[in-house]
Amino acid sequence: MIKQSGTALFFLTLFSFSTAMAGELEQQAETLIDTALASSLSYEIVESLTTEVGPRLAGTEAEARARDWAVKSMTDLGFSNVHVEPFEMPGWERGQISVDVGAPYSQPLTASALGKSIGTPIGGFDAQVVRFKDFAELMAAPEGSITGKIAFIDGSMIRTQDGSGYGMAGPRRWVGAREAARRGAIAVLIRSVGTDYHRNPHTGGTVYAEDVPRIPAAALSNPDADQLARLLALKSDLTLHYTQTSRILGTVKSGNVVGEITGSEFPDEVVLLAAHLDSWDNGTGAIDDGAGVAIVTAAAKIIADFGTPKRTIRVVLFGAEEPGLFGAKAYVTAHRQDFDQIMMVTESDFGAGRVWRMDTGIAKTDEAKADRIQAVLARLGVTKGLRTASGGSDVSALSGAGAPAISLRQNGWDYFDLHHTPDDTLDKIDPADLAQNTAVYAAYGWMVANIEGGFHAPE
Ligand SMILES: [Zn+2]
């Protein structure tokens, strides 16, 4: 932190000249940036969450403890209107998994059940495995072509700064089970949707369809997917023994945690800063999404310490994002009456990499205001981006329902090395990168909450 303070001081000196002509709002935002860069609050928050609660699978006792932690943390930090907005969702239990290659190449493969997958019958089953080089090849296979077999959906994932590789590789996890079942498969194994070469499978949710049987689904680590592809090249009728004890539970409880910095002039105009409190259960959810929780909470606290914004800053820590945005959907349903109050939505849910671009999903007539904010953030490396922002994972449900949105896009070059793996732990977070995010959100939140005229949804 000493090093950061030095950097902040350097910039403070440098920018006291460049901002001499800037407006009052810009100068206030500059001060917030300096404060946030010199603060270790966001790191302390993510350290506390990932250490004291650890993994927090949606709908479990661990996620409930995370809500208690969030209520206490926000209360201790002086937020107002701190409360939990409960909702219900279907539960899921991971259980145990084993995937073993049959003779003559007998050996175990490293795999992880996909979230919300059913299990195999007790004791598992032996079946022939059929490889599809990618999801498109599976889609091209006729119905009934892999009856009684295990589908192995291989494929690649491109490393990108903006995370677009996830969108291209994601379908094999999101709907691979459904599409394999449509073609007669009794189970599906996918190559992990991830860019690392550790023997760490990447979990993540899968979605079944109503009109096809639900089949067990799991992800192989990237090295194990390579191994299985090589084994199939040696023996095309290779069999696997696959056992998985995951199961879908009945209705369980989750909740969104809310805390506010109440606005002085327009308390009913809400600038919503979001992150999600739940995580997958294999890591401690540091980058997904403990970092986001820390960034938005610390930014709001730094703003509150600086002064009261004109509009209300509402921090929402959503529950149950990972299994399918259950918290976001519950929030939209619960807030139909006061939805018009939401003047801006933004979510931090892409790790702790630096923010580098600001995308907007606002009225054209408000773009000049967004440009003013971006000009202040330019000092932190943030460029002007696209006009197609949804605001982020959970809040896309809100922008989809008509709320203005801005996305503060983070560098995701390394994000999918860690995403949904046991490697998602605190040590992967660079405190200086995290502080940059906090500085961006503090300056951004302050400016949105104070800017003349506010923001409106795209036409
Ligand atoms: Zn996330």
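Helix 9 itself comprises the 13 residues 222–234. From its first C-alpha to its last the helix reaches 19 Å, close to the 18 Å expected at 1.5 Å a residue. Its buried residues are N222, D224, A225 and L228. Viewed down the helix axis, the buried residues fall within an arc of 160°, and they therefore line one face of helix 9. On the other side of the helix, R230, A233 and L234 are exposed.

Domain 1 is formed by residues 2–91 + 251–450, and domain 2 by residues 95–245. Their C-alpha centres are 34 Å apart. Across the boundary, 18 residues of domain 1 are in contact with 20 residues of domain 2. On the side of domain 1 that touches domain 2, the largest share comes from helix 14 (residues 415–418), which gives 3 residues.

To return to A442, its contacts, apart from neighbours within four places in sequence, are L32, I33, A36, A299, I302 and I303.

K116 deserves attention for both its position and its backbone. This residue is placed in the loop between strand 4 and strand 5 (125–132). K116 counts as buried because 22 other C-beta atoms lie within 10 Å, the cut-off for burial being 20 or more. Leaving aside neighbours within four places in sequence, K116 is in contact with W92, G205, T206, I248 and P323. The C-alpha atoms of K116 and R94 are separated by 8.1 Å, with the two residues 22 apart along the chain. K116 also has a positive phi of about 75°, although it is not a glycine.

N81 likewise has a positive phi, of about 55°, without being a glycine. This residue is found in strand 1 (residues 80–93). N81 counts as exposed because it has 12 C-beta neighbours inside 10 Å, and the limit for exposure is 12 or fewer.

Cis peptide bonds are a further backbone feature. One of them runs from A103 to P104, with omega near 5°; P104 is placed in the loop between strand 2 (97–101) and strand 3. Another cis peptide bond joins D288 and D289, where omega is about 5°. D289 lies in helix 10 (residues 286–306).

Finally, there is the confidence of the prediction. The protein averages a pLDDT of 95, and 95% of the residues score at least 70. Over residues 1–21, however, the pLDDT is below 50. In the model, this stretch has 17 contacts beyond near neighbours in sequence.

Notes
Residues numbered from 1 in each chain as written. Predicted model: local features only at pLDDT ≥ 70, side-chain atom pairs only at ≥ 80, totals over all residues. pLDDT = per-residue confidence, 0-100. Contact = placed C-beta atoms within 7 Å. Helix = DSSP H or I, 4+ residues; strand = E, 2+ residues; numbered from the N terminus. Expected span 1.5 Å × (residues − 1). Arc of directions from axis to C-beta. Domains from an automatic or database assignment.
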